Amino acid sequence: MGRRAKNKQAPPEPLDKPEYPSPKKLGKRKAEVLDEKPRPAKKSRDATSNKTKNGGRVKFADQEANSSDGWEDVEDGGLVGDLDDLLSGDDDDMLRGPVQEFDFGSDAEEDAPQPALPLRGRKSKQSGLPAKIIPTASDDSSESESEEDEEERITIANMAAKSRALDDEAEAEAELDIAEQQAAAAASDEDEDVGMEGDEDANGDIDAEPFHLPTPAEREEEKISVPDVHTVQRRMRECVRVLGRFKRLAEKGRSRSEYIEQVVIDIASYYGYNEYLAEKLFHLFPVPEAIEFFEANEVPRPVTIRTNTLRTRRRDLAQALVNRGVNLEPIGKWTNVGLQVFESSVPIGATPEYLAGHYMLQAASSFLPVIALAPQPNERVLDMASAPGGKTTHIAALLQNTGVVFANDSNKDRTKSLTANVHRLGCKNVVVCSYDGRQFPKVMGGFDRVLLDAPCSGTGVISKDASVKTNKTERDFTLLSHLQKQLILCAIDSVSPESKTGGYIVYSTCSVTVEENEAVVDYALRKRPNVKLVDTGLEFGREGFTRFRGKAFNSSLSLTRRFYPHVHNMDGFYVAKFKVEKRSKVKKGSTDEGEMVEVIGEDGAVVENKEQQAEVAFDSDEDRPYLEEAKRRRMKAKGLRPPPRTKAPAVSATAKASA
Ligand SMILES: C[S@@+](CC[C@H](N)C(=O)[O-])C[C@H]1O[C@@H](n2cnc3c(N)ncnc32)[C@H](O)[C@@H]1O
């Protein structure tokens, strides 16, 4: 069916609110959300907005005292100002500030086609309001221009009338609030009743008959007919509901896994995924939340830009764009260079400011790895997989054009756009090169910091590239994970543990699958005993998994961070930061098995134990069983008889434990 759900997702939670919606409520609410209409934002008289000659709005949210948007707790030299502050020069420090990073860039960004612009009138499909990375109080503050004009023209003659009008308005708002509270209370009562007989279905009708989970035979039958979208939608909702209160609501004799199987089939069909990927993504979340995730993938993420501080300051850029009719706001307090574009009467990828390199079109999530990397002036940094350069140019800006950034990408074609961006943004400290990342550190090493923004499946950016839904197979995930493991070891080996200011690696992907993220990081920790995970320094994001579906990872994996579209209103992303401790010195020697390493432990003594030595080299044997298994399944799917399973080669004890 591959039908995209209608956009009825509720706005994401603000970052400073609890991230997890109550699963209890979601069970029904999210299913219902499929039909929910967004409520228009309430107006607020507290709002202040800078009206420009074009009517463009530049509003930096800390204008609103007592706002709940997180802007109010900006400290001196803080990371965010409202537009007033920006325009009046108050955030000079923040923009000049040292290497406090805070800006972002996306993988798709500069390489990607420019957003369909002009953006005039573009609204978030999620909320009916312009999409925001972090909802701010300013969401509620959109006084219309005419109202503002009216307010400006207060005279003695009309003052009394105006005052009465304001009182009426306040009263009406108070009534609205009461109505809202009552509606919320009613909704919550309703949620308590989830699963009761006589429940309403997705269309608001009272269920005529109780939900029946199709039998395997019925399911087969359905496969050859065209499933009805309403049936599928209702069944998803019902399965979620039953799974939420299984003992009470499940049909007699039917197992939990049967319901899960059905909901995965329906998700795949409704949202247009292959079943393999639908299942993989489904298992990342509690059941009701999984639906939220799939829903969020149907909604475009906000258009965001990163100020290039090598060329301009954010407030100057904001003012210049406002003067061109661009409606924008700062992204959030976690970045002092990001701006979110709500609408524009000019193509945002072709303004004079864009062409002059004053900004980069970048997804908000793309800022995160560079913020975590936190490069310091005069450092030597390697960006191992860098094209088209969103993160490279961000690193160059944080280095304030000092030091050097080696921007590598194995794909020569892609280095063209990388080079173009480096020039456009005025980065003078970047060297572009094109090696397979696995050739490092043989090509060069001794870096203060390395960013590995790894090639990945793109399961975090499905809203940008829907082809991921159907074109990613088990084999892709196996091969990618294998490549990522090889690359991460090379990234680690390229860092100098003697670095005075650094000694860090950041590993990131725009994917949400565990085998491309935690499994890779866990592998690196096992293979390189001289590295440890450290805090990413990112203010938000969910903790990485320490166990997942029977697999246990190093407990420090909780220091890594996951970002999700349905939680953070940004692309799905993963960020891990390592510190290289005393590097094990390696001496090459020859053995019958090929190249052997001699490991010198932290105490300076040679590690004699061969098993321990083997741990340090890349262990492709570890992935071999998975590669073979994937090949067998592929052959089976094609109707071929796979060869008998070979005995798995000796895998290290730790590897076995983690498998
Ligand atoms: C996620 S994208 C990088 C995006 C980039 N960091 C940015 O912010 O603009 C991954 C990149 O890895 C590159 N790549 C794939 N395999 C590689 C390898 N073995 N060595 C180096 N780069 C590789 C791809 O060409 C692709 O440009």
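1. The shell around the ligand sorts into five nonpolar, eight polar and seven charged residues (Ala, Val, Leu, Ile, Met, Phe, Trp, Tyr, Cys and Pro count as nonpolar, Asp, Glu, Lys and Arg as charged, and the others, Gly among them, as polar). In total, 20 residues surround the ligand, the closest being Ala385, Ser410, Asn411, Gly437 and Asp453; a residue is near when its C-beta atom, placed from the backbone, lies within 6 Å.

2. A friendly reminder before you read on: this is a predicted model, in which local features need pLDDT of at least 70 and side-chain atom pairs count only at pLDDT 80 or more, while totals for chains, interfaces and linings use all residues. Residue numbers run from 1 along each chain as its sequence is written.

3. Do have a look at helices α18 (residues 474-493) and α19 (residues 518-527), which pack with their axes 9 Å apart and at an angle of about 45°. The pair is therefore oblique (under 35 degrees is roughly parallel, over 145 roughly antiparallel, 65 to 115 roughly perpendicular, and the rest oblique). From α18, the contact uses Ser481, Gln484, Lys485, Ile488, Leu489 and Ile492, and from α19 Ala519, Val520, Tyr523, Ala524 and Lys527, with contact meaning C-beta atoms, placed from the backbone, within 7 Å. These contact residues comprise seven nonpolar, two polar and two charged.

4. Thr309 sits in the loop between β3 (303-307) and α12 (314-323). Is Thr309 buried or exposed? Thr309 counts as buried because it has 22 C-beta neighbours inside 10 Å (20 or more is buried, 12 or fewer exposed, and in between partly exposed). Its C-alpha atom is 9.8 Å from that of Gly357, 48 residues apart along the chain.

How values were computed
Axes fitted to C-alpha atoms, helices over the stretch in contact; angles between N-to-C directions. Helix = DSSP H or I, 4+ residues; strand = E, 2+ residues; numbered from the N terminus. Contact = placed C-beta atoms within 7 Å.
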